[in-house]
Amino acid sequence: MFRHKFKNKITEYKGVKYRSKLEADYAKHLFKLKDEGTLLWFKRQVIFDFPDGNSYRVDFLAFYANGDMDVVDTKGVETPDFKRNIKSMEYYYPYFNVKVVKRGDF
C-alpha cells in the first residue's frame, strides 16, 4: 500500500477521493455551506500557471453568494515548496489571497 511521506490518508466523500482527510473534511464543510445557501459553488484542484513555467495546484476555489471568492489550500505541513508557491502566487496573482486551512480552522 502506498503511504504518503506526511501520512495523508486518501479519503472518499460523496464518491470523490480526496488526497487527505483534512481535504475531505473541508469539502464536507463546503457542501454544508452550499446547502445553507452561503456558497454558490466550488471547484477542486485548480491549477494556477506561472509565467516562469511552474504551476501551483490549490485544493479549492470557492464562490460565495455575497460575491466573495476563496482560494483554499488545506495543509497539515507547510513545506519549502509550498512556501515558494505561495510567494509565486503573491507575485504573479496579487489579487488572490490563498487561504491556508489547517485542522480546526473550520
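Residues are numbered from 1 along each chain as its sequence is written. Because the model is predicted, local features need pLDDT of at least 70 and side-chain atom pairs count only at pLDDT 80 or more, whereas totals for chains, interfaces and linings use all residues.

The open sheet has four strands in the order β3-β4-β5-β6, with mixed pairing, where two strands pair if DSSP finds at least two bridges between them. β3 (39-49) and β6 (98-101) each have a single partner strand and stand at the edges, so one side of each is left without a neighbour in the sheet. From one strand to the next, the twist averages 35°. Strands and helices are DSSP runs numbered from the N terminus, with at least two residues (E) for a strand and at least four (H or I) for a helix.

β4 and β5 pair in the antiparallel sense over four bridges, and Phe60 stands opposite Val72 in β5.

| Helix | Residues | Angle |
|---|---|---|
| α1 | residues 21-36 | about 140° to β3 |
| α2 | residues 80-92 | about 60° with β4 |

A nonpolar core is a set of buried (under 20% relative accessible area, 1.4 Å probe, protein chains only) Ala, Val, Leu, Ile, Met, Phe, Trp, Tyr and Cys residues joined through side-chain atoms within 4.5 Å. The largest has 13 residues, and Phe60 is among those that touch the most other members; α1 gives the most to this core, with five residues. A second, separate core of 12 residues includes Tyr56, Val71, Ile86 and Val98.

Notes
Side-chain values use heavy atoms; hydrogens and water are left out. Axes are lines fitted to C-alpha atoms, for helices over the stretch in contact, and angles run from 0 to 180 degrees between N-to-C directions. Contact means heavy atoms within 4.5 Å. Buried means under 20% relative accessible area, exposed over 50%, partly exposed in between (1.4 Å probe, protein chains only).
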